[in-house]
Amino acid sequence: MSSSPLPGDASNAPAADPTGRFVRQPNGRVRPLSPHLQVWRWHVTMTASILFRVTIGAISVGAAIAVGWLAALACGPETYAGTAALLGSPFGLFIGFGLTVVLFSFLLNGARHLFNDTGNGLTLKSANLLSNIAVWGPIPLAVLFWVLLFVTGRVSL
Amino acid sequence: MSSQTTKNPAKFKNHVKISERHGAVEWLTERVALALLIPLGLWVVSSVFTLAGAGYDDLLAWFAAPLNAGLLILTLLTLFLFASLAWKVIIEDYIHKPMAKTLAIGGLNLVFLALAAASVFFIVRLALGSAPLPAGIGA
């Protein structure tokens, strides 16, 4: 997709192509490609932004699962015994771990979004820092949460 | 257009145009809901930690405390309000056909409304220690 300025196109080609993002247009001229998703250098702020939308989707599903859990609980001990067995199974624990990742992701990314909405944390340095925390933070937090659950004996395989 | 501008002159605040309809209110509501969800989410984390592995009777005792039941209702209602507004923004970004957009937003709002109503129903029953469902419904 991207190529350096082509030889023989001196009128259009800059002497050097520091960006490496020039393309030959259909009319044969060499031009920098206009900014679009494919030509922006990937940036962690983009990951954080997209991940927040994914997280909102995931936490909606998580909330629906929570309502299902409430329903099972409201149906009495016999019905809930089956749900509890499912929750304690390896599959249930796997889903539970995923939901805690989602919850921590929602908290960290939501806090980042709110902070940015007030007009703060938008310099390159702090935007990078906040986005990195929001993107990577949920994983160690969720691992720590589950390690504590197992260590305290609340959950076991 | 000029007649409209004279009739309804655009209002500005700090050199930023104020939305003519309800966009600003939705934007602010979404932020307030999210701001509420941060402390409520931390409370959910701590509650899940204390309740993990708890049996049926312990869970019912937890729900019997009005603070727990009330906070859980508040959390879920705020979450569904936020989800409804956030999904609206996402849908408006990607679906541009008016009919499909309206159907997607309306459909999701119905789903969230049903989930919100169901969560309140179940939590109130659990908090009051009502007989297990479906007792009391249609019986």
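So, a definition before anything else: I call a residue buried if 20 or more other C-beta atoms lie within 10 Å of its own, exposed if 12 or fewer, and partly exposed in between, with the C-beta atoms placed from the backbone. By that count, buried residues make up 22% of the 157 residues in chain A.

Some housekeeping. This is a predicted model, so local features need pLDDT of at least 70 and side-chain atom pairs count only at pLDDT 80 or more, while totals for chains, interfaces and linings use all residues. Residues are numbered from 1 along each chain as its sequence is written, and chains are lettered from A and ligands numbered from 1 in the order in which they are written.

Let's begin with chain A. It has five helices and two strands; these are DSSP runs numbered from the N terminus, H or I with at least four residues for helices and E with at least two for strands. Going from the N terminus, the order is β-β-α-α-α-α-α. When I say contact, I mean that two residues have their C-beta atoms, placed from the backbone, within 7 Å. Of the contacts in chain A with a separation of 6 or more, 50% come from residues 24 or more positions apart.

Now, how do the helices of chain A sit against each other? Take helix 1 and helix 3 of chain A: they pack at an angle of about 130°, with axes 9 Å apart. The axes are lines fitted to C-alpha atoms, for helices over the stretch in contact, and the angles run from 0 to 180 degrees between N-to-C directions. Helix 1 and helix 3 of chain A are therefore oblique to each other; the scheme is under 35 degrees roughly parallel, over 145 roughly antiparallel, 65 to 115 roughly perpendicular, and the rest oblique. Their crossing is left-handed, meaning the near helix is turned anticlockwise from the far one by less than a right angle, with clockwise being right-handed.

On the helix 1 side of chain A, the residues making that contact include A:Leu51, A:Phe52 and A:Ile59, and on the helix 3 side they include A:Leu99, A:Phe106 and A:His113. By class, this contact has eight nonpolar, five polar and one charged residues. For the classes, Ala, Val, Leu, Ile, Met, Phe, Trp, Tyr, Cys and Pro are nonpolar, Asp, Glu, Lys and Arg are charged, and the others, Gly among them, are polar.

Helix 3 of chain A has another partner, helix 5 (residues 138-151) of chain A: those axes come within 8 Å and cross at roughly 130°. That makes this pair oblique too, but here helix 3 of chain A passes helix 5 of chain A in a right-handed crossing. Among the residues that meet are A:Phe97, A:Phe104 and A:Leu108 in helix 3 of chain A, and A:Ile139, A:Phe145 and A:Trp146 in helix 5 of chain A. That contact has ten nonpolar, two polar and no charged residues.

On to the interface. 25 residues of chain A are in contact with 29 residues of chain B. Helix 1 of chain A gives the most to the chain A side, with ten residues, and by class that side has 18 nonpolar, four polar and three charged residues.

One chain B partner is helix 4 (66-94): its axis and that of helix 1 of chain A come within 10 Å and cross at roughly 140°. That makes them oblique, and the crossing is left-handed.

Most residues other than glycine have a negative phi, and most peptide bonds are trans. B:Asn14 has a positive phi of about 50°, and B:His15 has one of about 65°. A cis peptide bond joins B:Leu133 and B:Pro134, with omega about 5°, and B:Pro134 lies in the segment after helix 5 of chain B.
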